[in-house]
Amino acid sequence: MGWQIKLAAILVPAALVVVLCLGLKFPPTERAASGISTAEMFRELLKPMFLVLFGSMFLTAASELAPGQWVDLALTRTVHMQGILLLVYVSAIMFVARHFAGPLAHRLSSIGLLWVSCLLASLGLLSLSVANSPVTGVLAATVWGCGVCFMWPTMLATASERFPRGGALLMGLMGTAGDAIDQSCAARHGKIYDTKKIEVAGGDEAFKALTGDNLNQVLGIAAQASFRAVAALPAILLIVFGAIWFYDRSKGGFKATRL
């Protein structure tokens, strides 16, 4: 089937959700139930720590979503197995590991968990850039998957714990940041890939003339370069989350704000 039909298939469960929600009365949000005004909610946007978390959301989402879109195309040639299988495997890791996010966050704090996640994500992306067999591919995907599996939900949890007065507005903005960077970073990932393959081949015309093993070798090198470039994103956040984690510990540990 064409991609149009596959994409349109999403409308079926979406329509069912709408039908199920017809006539339902939704309870007020925590923010509204606590009597916090809309003006107070918007003022939370100006707090420096929220702006830091908002900016960090771009990088955590880029570390997870952009490589995920490139795993099949980029890594199939380098790890000598279908890259989509690695993506399915990483998705399985996410499904299982997220059941244990709560205990880990309580032990490390949400920021501590994000720091560990960024460390594993960066190491995993670097490992994927040098993986050259099914075994090394699976091992690298395991490290990367264990890193990115907690990022998205823990970023939302961190914003919610620190700025509960921001309500649904802050949650929505955090999610929007992640979705927005997914598109631009995936394109950037592709640009790195395309630029590197032309560079390695020796020019555009030389690349077009490549076939067989020579073509696969050039594309493999380009794929490795693109994953190395993305590995810098979670590495940057090690500094950001490390500073917040150290600050929290200097104050006796972080305590979630309660309404």
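Which side chains meet in a salt bridge at 2.5 Å, N to O? The side chains of R162 and D248 do, where a salt bridge is a side-chain nitrogen of Lys or Arg within 4 Å of a carboxyl oxygen of Asp or Glu. This pair links distant parts of the chain, since R162 sits in helix α10 and D248 in helix α14 (residues 232-250), 86 residues apart. R162 is buried, at a relative accessible area of 13%, and D248 is buried as well, at 7%. Here buried stands for under 20% relative accessible area, exposed for over 50%, and partly exposed for what lies in between, with a 1.4 Å probe and protein chains only.

The structure is a predicted model, in which local features need pLDDT of at least 70 and side-chain atom pairs count only at pLDDT 80 or more, while totals for chains, interfaces and linings use all residues. Residues are numbered from 1 along each chain as its sequence is written, and side-chain values use heavy atoms, with hydrogens and water left out.

The overall picture comes next. The protein chain has 14 helices and zero strands; helices (H or I, at least four residues) and strands (E, at least two) are DSSP runs, numbered from the N terminus. Along the principal axes, the C-alpha atoms of the protein chain fill a box of roughly 65 × 50 × 30 Å. Of the 259 residues in the protein chain, 39% are buried. The accessible surface amounts to about 14100 Å², and 68% of this area belongs to carbon and sulfur atoms; such areas come from the Shrake-Rupley method with a 1.4 Å probe, and for residues only the protein chains shown count as cover. Among contacts with a separation of 6 or more, 80% join residues 24 or more positions apart, a contact being heavy atoms within 4.5 Å.

Helix α5 and helix α10 (residues 151-162) pack at an angle of about 170°, their axes lying 9 Å apart. Axes are lines fitted to C-alpha atoms, for helices over the stretch in contact, and angles run from 0 to 180 degrees between N-to-C directions. The angle makes α5 roughly antiparallel to α10, given that angles under 35 degrees count as roughly parallel, over 145 as roughly antiparallel, 65 to 115 as roughly perpendicular and the rest as oblique. On the α5 side the contact residues include M49, L53, M57 and L65, and on the α10 side they include M151, W152, M155 and R162. Sorted by class, this contact holds nine nonpolar, four polar and two charged residues. In this scheme Ala, Val, Leu, Ile, Met, Phe, Trp, Tyr, Cys and Pro count as nonpolar, Asp, Glu, Lys and Arg as charged, and the others, Gly among them, as polar.

Helix α5 also packs with helix α6. The axes of α5 and α6 come within 7 Å and cross at roughly 140°, and the two helices are therefore oblique to each other. Residues of α5 in this contact include E64, G68, V71 and L75, and those of α6 include G83, I84, L87 and M94. The contact of α5 with α6 divides into seven nonpolar, three polar and two charged residues.

Side chains of opposite charge can pair when their charged atoms come close. E44 forms a salt bridge with K47, with the closest N and O atoms 3.1 Å apart. E44 is buried at 6% relative accessibility, whereas K47 is partly exposed at 36%. A further pair is E199 and K196, whose side chains meet at 3.5 Å, N to O. Both E199 and K196 lie in helix α11 (residues 167-201), three residues apart, about one turn of the helix. E199 is exposed at 54% relative accessibility, and K196 is partly exposed at 23%.

H80, in the loop between α5 and α6 (83-97), has a positive phi of about 60° although it is not a glycine. S109, in the loop between α7 (101-108) and α8 (110-130), likewise is not a glycine and has a positive phi, of about 85°. H80 is exposed, with a relative accessible area of 57%, while S109 is buried at 18%.
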